[in-house]
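Let's take a walk through a protein chain together. Keep the picture open beside you and look up each residue as it comes along.

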Amino acid sequence: MIKNINEITVDSYDKVRYLLSSELRLKTLRVLLESDMTLEGINEYIDKQDTNLLRTLKELQDINLVSLEDKVYSLTSAGYLVARNVMSVLDNWQTISKYSRCINYHSFKKFPLEFSRYMFMLDESERIESPSSDIYKTRRLYWEQLKESTDLKIILPIYSKQYLKYIFD
């Protein structure tokens, strides 16, 4: 395990580059992250020639990310950790692309670390703009959505004290 920045080597980057350079490797990891599967089961999701998929699975076995037992492929412990983290990076990258305008105008440095790990959850959110003629539009929509909610995961905006009263009401 890397304990400080000086321990990161070219080999560390090469391993990451190796995974990210193949759509088939990434898809295979994503599928196996959901469930252990046979070759046929994996191929239902990926739809590639068996020879390509078998070669990819063998490559992932060789680097100890995937194991095979009784014709069932599964992620090793290392494979699970790598797959979860790589998928989080990819999901967050998509979110960054989707919300680039918002992200370019706001600093996320002061957001809690926990939020940044689950930034992909923003994909289910919507951005609301208020024209100067209707400055209360966001608060009105916020209140309407809160009234209908049973579970809340809220990242409060700047100057959020004005929104707290809707939550506590």
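Is Asp-62 buried or exposed? At 54% relative accessibility, Asp-62 counts as exposed. Here is how those words work: buried means under 20% relative accessible area, exposed means over 50%, and partly exposed is whatever falls in between (1.4 Å probe, protein chains only).

Before going on, a word about what you're looking at. This is a predicted model, in which local features need pLDDT of at least 70 and side-chain atom pairs count only at pLDDT 80 or more, while totals for chains, interfaces and linings use all residues. Residues are numbered from 1 along each chain as its sequence is written, and side-chain values use heavy atoms, with hydrogens and water left out.

Now for the overall layout. The chain's secondary structure comes to nine helices and two strands; helices (H or I, at least four residues) and strands (E, at least two) are DSSP runs, numbered from the N terminus. Starting at the N terminus, the order of the elements is α-α-α-α-β-β-α-α-α-α-α. Of the 169 residues in the chain, 25% are buried. Take the contacts (heavy atoms within 4.5 Å) with a separation of 6 or more: residues 24 or more positions apart account for 48% of them.

Back to Asp-62, which has a partner. Lys-58 forms a salt bridge with Asp-62, and their closest N and O atoms are 2.8 Å apart. A salt bridge is a side-chain nitrogen of Lys or Arg within 4 Å of a carboxyl oxygen of Asp or Glu. The general idea is simple: side chains of opposite charge can pair when their charged atoms come close. Lys-58 and Asp-62 both sit in helix H4, four residues apart, which is about one turn of the helix. Lys-58 counts as partly exposed, at 46% relative accessibility.

How many salt bridges does the structure hold? There are four. Another one is between Arg-55 and Glu-59, with the closest N and O atoms 3.8 Å apart. These two also lie in H4, four residues apart, or about one turn of the helix. Arg-55 is partly exposed, at 47% relative accessibility.

Glu-59 is partly exposed, with a relative accessible area of 23%, whereas Arg-25 is buried, at 9%.

What does Thr-56 touch, leaving aside its neighbours within four places in sequence? The answer is Leu-24, Arg-25 and Thr-28.

Next, look at how H4 meets another helix. Helix H3 (residues 39-46) and H4 pack at an angle of about 110 degrees, with their axes 11 Å apart. Axes here are lines fitted to C-alpha atoms, for helices over the stretch in contact, and angles run from 0 to 180 degrees between N-to-C directions. That makes H3 roughly perpendicular to H4, a label for angles of 65 to 115 degrees (under 35 is roughly parallel, over 145 roughly antiparallel, and the rest oblique). On the H3 side, the contact is made by Leu-39, Ile-42, Asn-43 and Ile-46, and on the H4 side by Asp-50, Leu-53, Leu-54 and Leu-57. These residues divide into six nonpolar, one polar and one charged. For that count, Ala, Val, Leu, Ile, Met, Phe, Trp, Tyr, Cys and Pro are nonpolar, Asp, Glu, Lys and Arg are charged, and the others, Gly among them, are polar.

The buried residues of H3 are Leu-39, Gly-41, Ile-42, Asn-43 and Ile-46. They pack against H2, H4 and strand E2 (72-75).

Finally, check a few backbone angles. Just after H3, Asp-47 takes a positive phi of about 55 degrees. Asn-64, in the loop between H4 and strand E1 (66-69), has a positive phi near 65 degrees without being a glycine. Asn-64 is partly exposed, with a relative accessible area of 47%. Lys-71, in the loop between E1 and E2, isn't a glycine either, and its phi is positive at about 65 degrees. Lys-71 counts as exposed, at 70% relative accessibility.
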